[in-house]
Amino acid sequence: MNFDFQSHRIHDYRFLEKRWRSLARRTGLRGKVYASAEDFDLWCYCSPALRQTGGIYLSAGIHGDEPAGPEALYQWAELHASVLRDLPLMIFPCLNPWGLENNRRTDSENRDLNRCYHLDDLPRIKAQKILIQQHSFRLVMCLHEDYDAQGVYLYEVRKKLTLFGRELLAAAGYYVPLDPRKMIATEERESRYSRGTIRIRARPENPGADRDDSASD
Ligand SMILES: [Zn+2]
């Protein structure tokens, strides 16, 4: 894929919004503004194939200084435009537009939104939870970027381990090396499943809350 980094506006939320709207028009995804925050609209896109059960949840951009997530999610969707409407998708292209615009991990009030899913007093998170709770998902992926990483790694919910994580890493490993470290330094935890996978405890009912402790990411 050819990127023009000079003109590529990776921190430009309006540009990301515009591309998603255009892609949705072409592919039949249904877009909905489910909340607004800091003068930005927050979008959710669902495919016609999404049902109450068996869905696929994809989100990115909850940490605004990790623009690779929103960009990768968009690029993936664009690349698979012809099949998007047939996959049971619920997509949140960017959960922290202010952070993306300002290259900040947090929102404008210095909250790490990824640590706020246990709260019910943030309208943006409350609104997202209402959407999510109408479905059960067979796959939930929350995309992050780690600029200290030496390669790709993922966290998996401990109680629900499948082969999928390893398959995913095998596929990713074709393009990006797997992080070889036994300890992910910023996480201060051992990757028990070395070669990229870290098991975690998590509350599957809150897909946005991909962690239940205070380590970063
Ligand atoms: Zn992150």
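Where is Asn110 found? We will come back to that in point 5; here are my notes in order.

1. Ground rules. This is a predicted model, in which local features need pLDDT of at least 70 and side-chain atom pairs count only at pLDDT 80 or more, while totals for chains, interfaces and linings use all residues. Residues are numbered from 1 along each chain as its sequence is written, and side-chain values use heavy atoms, with hydrogens and water left out.

2. The overall layout. The chain has five helices and nine strands, taken as DSSP runs numbered from the N terminus (helices are H or I, at least four residues; strands are E, at least two). Along the sequence they are arranged as α-β-β-β-α-β-α-α-β-β-α-β-β-β. Of the 217 residues, 47% are buried (under 20% relative accessible area, with exposed being over 50% and partly exposed in between; 1.4 Å probe, protein chains only).

3. The largest nonpolar core. A nonpolar core is a set of buried Ala, Val, Leu, Ile, Met, Phe, Trp, Tyr and Cys residues joined through side-chain atoms within 4.5 Å. The largest one here has 23 residues, and Tyr13, Leu16, Trp20, Leu23, Tyr45 and Ile91 touch the most other members. At least two residues each come from α1 (13-27), β2 (40-46), β3 (55-60), α2 (68-79), β4 (89-92) and α3 (97-102). The biggest giver is α1, with five residues. A second, separate core holds 21 residues, including Tyr34, Ile62, Leu95 and Ile125.

4. Two helices side by side. The axes of α1 and α2 come within 11 Å and cross at roughly 20° (axes are lines fitted to C-alpha atoms, for helices over the stretch in contact, and angles run from 0 to 180 degrees between N-to-C directions). So α1 is roughly parallel to α2, a label for angles under 35 degrees. In contact terms (heavy atoms within 4.5 Å), Leu16, Arg19, Trp20, Leu23 and Arg26 of α1 meet residues of α2, among them Pro70, Leu73, Tyr74 and Ala77. Leaving aside residues up to four places away in sequence, Trp20 also touches Leu29, Tyr45, Ile91 and Pro93, among others.

5. Two residues to look at. Most residues other than glycine have a negative phi. Asp39, which is not a glycine, has a positive phi of about 70°. Asp39 sits in the loop between β1 (30-37) and β2, and at 74% relative accessibility Asp39 is exposed. Asn110 has a positive phi too, near 65°. As for the opening question, Asn110 is in the loop between α3 and α4 (123-132). With 54% relative accessibility, Asn110 is also exposed.

Key:
Angles under 35 degrees count as roughly parallel, over 145 as roughly antiparallel, 65 to 115 as roughly perpendicular and the rest as oblique.
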